[in-house]
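Biologist: I would like a close look at one part of this model. Please keep it brisk, and give the cut-offs as you go.

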Amino acid sequence: MGDVDLEQQEPFPVERQDEKRDLPDGRRKLGCCDKFQQSVSRWMLPEDARSTYLQRANCCPPPVFIIAISVVELSMFIYYAVWKPQKQWVTLEEGIWNSRLTYRAEYRQEAWRFLSYMFVHAGVEHIVGNLFMQLLLGIPLELVHKGFEVGMVYLAGVLAGSLASSIFDPLSALVGASGGVYALIGGYFMNAVVNFREMIPLLGVFRILVIVIIVGVDFGFAFYRRFAGDEGGMKVSFVAHFGGIVAGMTVGYVFFSDYNKKLLKDPRFWMCIVGYLVFFLFAVIFNIFISPAAS
């Protein structure tokens with residue numbers, strides 16, 4: 001036998017931190033990250049797509065989009081609450097209404113307002129509710145589908161919300177990211193309903209009921225702000241919620257149900273894109289030639 005270089009041997013068996021330990025029955029012992037990824041896959045994907053996700057699962061890139069947009073929204077809320085002359089944090093005041101970010105019918109020719117309204121919120125319950133829901137759903141969705149898909153669905157909901165509001169409630173103002181939040185909810189909801197038997201069946205009913213309850217409570221606040229509240233003589237539209245959830249149940253559902261598939265080869269994708277573009281063109285024509293706000 002040849003000599004063995006003792007310097008190349010380890011005196012004792014050392015367990016590396018990045019090595020996976022096996023259990024006596026041969027199964028691999030899961031770490032905290034593995035358990036988290038498994039939970040994400042069960043909540044976000046049907047059974048036939050979970051193994052592919054778990055093989056690729058990692059936190060690189062992290063959920064940058066949803067965290068970044070949440071930080072910007074929170075920063076803007078703090079700015080208007082602290083540096084602007086607000087009487088209290090729970091209501092809209094003059095600083096919000098005069099913001100060049102808020103959507104107002106008389107300024108609809110400033111096209112950026114159809115998106116920028118998502119950065120300003122009506123009060124504490126408004127910003128907290130939106131941030132809670134978009135982080136709760138957005139982070140696991142972005143871990144599975146990555147930032148581009150989640151960002152596209154979110155922004156599609158924001159734009160659909162403001163366009164729908166300009167058509168069906170044309171004289172009201174619009175603030176908040178509810179259109180984007182409801183797009184995420186709509187996409188996830190449709191995916192959960194269609195794949196009901198595969199996405200944790202025992203908790204399926206509970207999960208859908210929780211979404212319905214949260215949506216119902218938020219709609220209640222939105223209806224109150226529109227019909228009972230009077231914030232500085234302005235009415236805050238609730239129609240963006242409907243626009244966002246419809247965008248989520250169409251565009252969002254296609255994005256979130258096509259995991260590990262060629263999106264451009266899915267006819268549902270092109271149907272949704274064409275439908276969205278038709279709606280967009282109609283809204284543009286309506287706002288230029290038909291809207292009562294134009295008179």
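Which helix does Ile285 lie in?

Modeller: Ile285 lies in helix H10, residues 267–290. Helices here are DSSP runs of H or I with at least four residues, strands are runs of E with at least two, and both are numbered from the N terminus.

First, the ground rules. This is a predicted model, in which local features need pLDDT of at least 70 and side-chain atom pairs count only at pLDDT 80 or more, while totals for chains, interfaces and linings use all residues. Residues are numbered from 1 along each chain as its sequence is written, and side-chain values use heavy atoms, leaving out hydrogens and water.

Back to Ile285. Ile285 counts as partly exposed because its relative accessibility is 45%. The scale is simple: buried is under 20% relative accessible area, exposed is over 50%, and partly exposed is in between (1.4 Å probe, protein chains only). Ile285 also belongs to a nonpolar surface patch of about 680 Å². Patch members have over 30% relative accessible area and no salt bridge; nonpolar side chains (Val, Leu, Ile, Met, Phe, Trp, Tyr) are joined within 5 Å, like charges within 9 Å. Areas come from the Shrake-Rupley method with a 1.4 Å probe, and for residues only the protein chains shown count as cover.

Now the setting. The protein chain has ten helices and zero strands. Its accessible surface comes to about 16400 Å², with 67% of that belonging to carbon and sulfur atoms. Of its 295 residues, 47% are buried. Take contacts (heavy atoms within 4.5 Å). Among those between residues at least 6 apart in sequence, 70% join residues at least 24 apart.

Gly187 gives a buried counterpart to look at. Gly187 sits in helix H7, residues 178–194. Gly187 is buried because its relative accessible area is 0%. Leaving aside residues up to four places away in sequence, Gly187 touches Gly248, Met249, Gly252, Tyr253 and Phe256. Gly187 and Met249 are 62 residues apart along the chain, yet their C-alpha atoms are separated by 4.8 Å.

Helix H3 (residues 64–83) shows how burial can be one-sided. H3 has 20 residues and reaches 27 Å from first C-alpha to last, close to the 28 Å expected at 1.5 Å a residue. That expectation is 1.5 Å times one less than the number of residues. Buried in H3 are Ile66, Ile69, Ser70, Glu73, Phe77, Tyr80 and Ala81. They cover an arc of only 100° around the axis, so they lie on the same side of H3. The arc is that of the directions from the helix axis to the C-beta atoms.

Last, the charges. Side chains of opposite charge can pair when their charged atoms come close. The structure holds three salt bridges, each a side-chain nitrogen of Lys or Arg within 4 Å of a carboxyl oxygen of Asp or Glu. Arg268 forms one with Asp266, at 2.8 Å between the closest N and O atoms. Arg268 is partly exposed at 29%, whereas Asp266 is buried at 10%. Glu110 and Arg113 meet at 2.6 Å, N to O. Glu110 is buried at 16%, and Arg113 is buried at 4%. Glu106 pairs with Arg104, the closest N and O atoms being 2.7 Å apart. Glu106 is partly exposed at 40%, but Arg104 is buried at 12%.
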